[in-house]
Amino acid sequence: MAARDLSFDLELAVEALQGVLQLEPADLGALGELCGLQRKRGDMAGLASALEVRARVSEEAGDKRLASAALRELAQVYETRLGRTGEA
């Protein structure tokens, strides 16, 4: 069952994706879906955590553009949503 099939229950969908990522920590598709769900839920700490992993995995996979986009969004989340300007 795809996490997006569980979108009516965002918490359950997040848990499903976290389970996938325990088995396949470098799954960029699952990381992207997790970021989207965390945005929808308004879980900025969860989004920041997912973006950090997505940036690292993207860089390791050689996808500099995706890594850069994840880091830009992470900086915005730190600065505007979490008030952690020192980390932005």
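Select glutamate 73 and arginine 39: the two form a salt bridge, with their closest N and O atoms 2.7 Å apart. A salt bridge here is a side-chain nitrogen of Lys or Arg within 4 Å of a carboxyl oxygen of Asp or Glu. Glutamate 73 sits in helix H4 and arginine 39 in helix H2, so this pair links distant parts of the chain, 34 residues apart. Helices (H or I, at least four residues) and strands (E, at least two) are DSSP runs, numbered from the N terminus. Arginine 39 has a relative accessible area of 36% and is therefore partly exposed. The classes are buried for under 20% relative accessible area, exposed for over 50%, and partly exposed in between (1.4 Å probe, protein chains only).

Before going on, note that this is a predicted model, in which local features need pLDDT of at least 70 and side-chain atom pairs count only at pLDDT 80 or more, while totals for chains, interfaces and linings use all residues. Residues are numbered from 1 along each chain as its sequence is written, and side-chain values use heavy atoms, with hydrogens and water left out.

**Other salt bridges**

The whole structure holds five salt bridges. For another of them, select arginine 41 and glutamate 11, whose side chains meet at 2.5 Å, N to O. Arginine 41 belongs to helix H2 and glutamate 11 to helix H1, so the pair ties together parts that are 30 residues apart in sequence. Arginine 41 is partly exposed at a relative accessible area of 31%, and glutamate 11 is partly exposed at 38%.

Aspartate 43 is partly exposed, with a relative accessible area of 24%. Through shared partners, salt bridges join Glu11, Arg41 and Asp43 into one network.

**Helix H1**

Now select helix H1. The expected span is 1.5 Å times one less than the number of residues in the helix. Ala13, Val14, Leu17 and Leu21 are buried in H1. Viewed down the axis of H1, the buried residues fall within an arc of 100 degrees, so they line one face of the helix. The arc is that of the directions from the helix axis to the C-beta atoms. On the other side of H1, Gln22 and Leu23 are exposed. The buried residues of H1 pack against H2; contact means heavy atoms within 4.5 Å.

**Helix H2**

Move to H2, which has 14 residues and reaches 20 Å from its first C-alpha to its last, close to the 20 Å expected at 1.5 Å a residue. At the N-terminal end of H2, select aspartate 27, which caps the helix: a side-chain oxygen lies 3.0 Å from the backbone nitrogen of glycine 29. After H2 comes glycine 42, with a positive phi near 75 degrees.

Which residues of H2 are buried? They are Ala30, Leu31, Gly32, Leu34, Cys35, Leu37 and Gln38. These buried residues pack against H1 and H3.

**Helix H3**

Next, select alanine 50 in helix H3. At 5% relative accessibility, alanine 50 counts as buried. Leaving aside neighbours within four places in sequence, alanine 50 is in contact with Leu31, Leu34 and Cys35. The C-alpha atoms of alanine 50 and cysteine 35 are separated by 5.8 Å, although the two are 15 residues apart along the chain.

Stay in helix H3 and select serine 58. Is serine 58 buried or exposed? Serine 58 is buried, with a relative accessible area of 0%. Not counting residues up to four places away in sequence, serine 58 touches Leu28, Asp63, Leu66 and Ala67.

**The nonpolar core**

Finish with the largest nonpolar core, which has 20 residues; Leu34, Leu47, Leu51 and Val77 touch the most other members. Helices H1 (10–23), H2 (28–41), H3 (44–60) and H4 (64–81) each supply at least two residues of this core. H3 gives the largest share, seven residues. A nonpolar core is a set of buried Ala, Val, Leu, Ile, Met, Phe, Trp, Tyr and Cys residues joined through side-chain atoms within 4.5 Å.

Last, select leucine 51. Not counting residues up to four places away in sequence, leucine 51 touches Cys35, Ala70, Glu73, Leu74 and Val77. Among these is Glu73, the salt-bridge partner of arginine 39.

Definitions and conventions. A polar contact is a pair of N or O atoms within 3.5 Å; within protein, one must be able to donate a hydrogen and the other to accept it, and residues adjacent in sequence count only if both atoms are side-chain atoms.
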